[in-house]
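Hi,

Here is the structure I promised to pass on.

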Amino acid sequence: MGGTGLKIRAETFGGIIRLDDPPALVYVDQEYLRGLGYPPSPLWGQPEGYLSAPTEVHLGVTAACPLGCRHCYADARPGSFPTLDTESLMRVIDLLAEMQVFHIAFGGGEPFGRPDFLALARHARERDVIPNATTNGLYMTPELARECGVFGQINVSVDGVGPVYEQVRGVDGFAMADRALGLLVEAGCSVGVNCVVSRANFERLGELVSYVASKEVRDVLFLRLKPSGRGAMTYQAERLTPRQNRQLFPLLADLTGRHDVLLRMDCSFVPMVCWHGAEPATMEFFDVRGCAAGESLAGITPEGRVQACSFCGRSLGEVWRLRELWHDSPRLRDFRGWVGQAREPCRSCTYLSLCRGGCHTVAEWVEGDFWAPDPECPFVEAAGRA
């Protein structure tokens, strides 16, 4: 099976090395690659700019899900929906492999609702692309868990412990998710938890982290509630308050010190990290950066439409044009060019090049303007009060 050795992709600055143990992407210069005996690339003679391809693609394989959680960003629900068939999805994976994408993050809907899902993951491995997946755990069985070793990591969505889960999602699914976590850990899979942070669970995050640590789970990825899919209907009532946005980073730092589990935040939470005076050089060293859309990330819907990221509802074109769209899409050029056209208070901010203006999906939905600063950024919020 592929994906066990060193994988190198040339870029204008040098290249990216994928390590599998420990899993990491390492950005190196041309001199370093020459030292490894890597031949010169035609890219090395070009001006430095954006990456030659995404490093990760979020690939939705179904819009169906029996749960119907009220803040689902994909608006997934029970039923049958248009989606690419097995052969087409295999071709999509081939295309991503040819573009030298390093990781595919499979999602939905509930991806394990597709009978061909494991075959898709195995095909990615055969093409030396690491498959990862997010699941609600509904379909997990001991037999299926043993097959999930094909994934680099599989994350189970858990937005709260016990009744908090239902308070957040509107669905009583905690026992289901808990069982799935146990089965996956027992099967020896690399397992994580995804948690959407909202007003309904903010005060109970410590309880969630303690629970995850007791399950021997690798990490927790905290996701910001986005006004996408059904999340747009719950967003105003459930988004974090300004006080909670300011408290999030110190809260997670404290929980990290008290539990043996890695806590991570998605790129849209970077403004909340910056508010607490983190050293830009330290953030850069640990690759703590804002919006990755069009920089290292792209999304593909179950119908085969390209998006800047999973939360950006606007279609950029058909997936078969992904190679062309990555370079020529006006929308992706807007994402890449946002920093250069930043308005105040972003323009004068020390963190502009790292934060990249926060979440543009939030800004566009709240302000009606893609170019507006993220209105939930504590710096922006404080400037508005001044």
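Leaving aside its neighbours within four places in sequence, which residues is Glu376 in contact with? Before I get to that, please keep in mind that this is a predicted model.

Now to Glu376: its contacts beyond those neighbours are Arg224, Tyr235, Arg239, Asn245, Met272 and Val362. One of them, Arg224, also makes a polar contact with Glu376, side chain to side chain, at 3.2 Å. You'll find Glu376 in the loop between helix H15 (360–367) and H16. Its relative accessibility is 8%, so Glu376 counts as buried.

On to the rings. There are 14 aromatic pairs in the structure. Take Phe112 and Phe151: their ring centres are 6.0 Å apart and the planes sit at 70 degrees, and because edge-to-face means over 60, that is what this pair is. Phe112 is in the loop between strand E5 (103–107) and helix H3 (117–126), while Phe151 is in the loop between helix H4 (142–147) and strand E7 (154–157), so the pair ties together parts that are 39 residues apart in sequence. Both Phe112 and Phe151 are buried. They also belong to one aromatic cluster, together with Phe106 and Phe117.

Another edge-to-face pair is Trp275 with Phe379, at 5.0 Å centre to centre and with 65 degrees between the planes. Here Trp275 comes from the loop between helix H10 (270–274) and helix H11 (280–285), and Phe379 from helix H16 (residues 378–385), so this pair ties together parts that are 104 residues apart in sequence. Trp275 counts as partly exposed, at 30% relative accessibility, and Phe379 is partly exposed too, at 28%.

Two charged side chains also sit over rings. Lys226 lies over the face of Phe311, 4.1 Å from the ring centre, and Arg336 does likewise over Trp326, at 4.7 Å from the ring centre.

Next, have a look at helix H7 (residues 205–214). Its residues Leu205, Leu208, Val209, Tyr211 and Val212 are buried. They cover an arc of only 160 degrees around the axis, so they are on the same side of H7. And what covers them? The cover includes helix H6 (174–186), strand E8 (191–197), strand E9 (219–224), helix H9 (242–258) and strand E10 (262–265).

Just after H7 comes Glu216, with a positive phi of about 60 degrees, although Glu216 is not a glycine. Glu216 lies in the loop between H7 and E9 and is exposed, with a relative accessible area of 67%. Asp75 is another non-glycine with a positive phi, about 55 degrees in this case. Asp75 is in the loop between strand E4 (56–60) and helix H2 (86–98), and at 31% relative accessible area it is partly exposed.

Last, a couple of cis peptide bonds to look up while you have the model open. The bond from Asp21 to Pro22 is cis, with omega near 0 degrees; Pro22 is in the loop between strand E2 (14–20) and strand E3 (23–29). Gly108 and Gly109 are also joined by a cis peptide bond, with omega about 10 degrees. Gly109 is in the loop between E5 and H3, and that loop holds Phe112 as well.

Cheers

Note on methods: Residues numbered from 1 in each chain as written. Predicted model: local features only at pLDDT ≥ 70, side-chain atom pairs only at ≥ 80, totals over all residues. Heavy atoms only, no water. Phe/Tyr/Trp six-rings, centres within 6.5 Å; stacked < 30°, edge-to-face > 60°. Helix = DSSP H or I, 4+ residues; strand = E, 2+ residues; numbered from the N terminus. Buried < 20%, exposed > 50% of the residue type's maximum accessible area, 1.4 Å probe, protein only. Lys NZ or Arg CZ within 6 Å of the ring centre and 35° of its normal. Polar contact = N/O pair within 3.5 Å; in protein donor to acceptor, adjacent residues only side chain to side chain. Contact = heavy atoms within 4.5 Å. Arc of directions from axis to C-beta.
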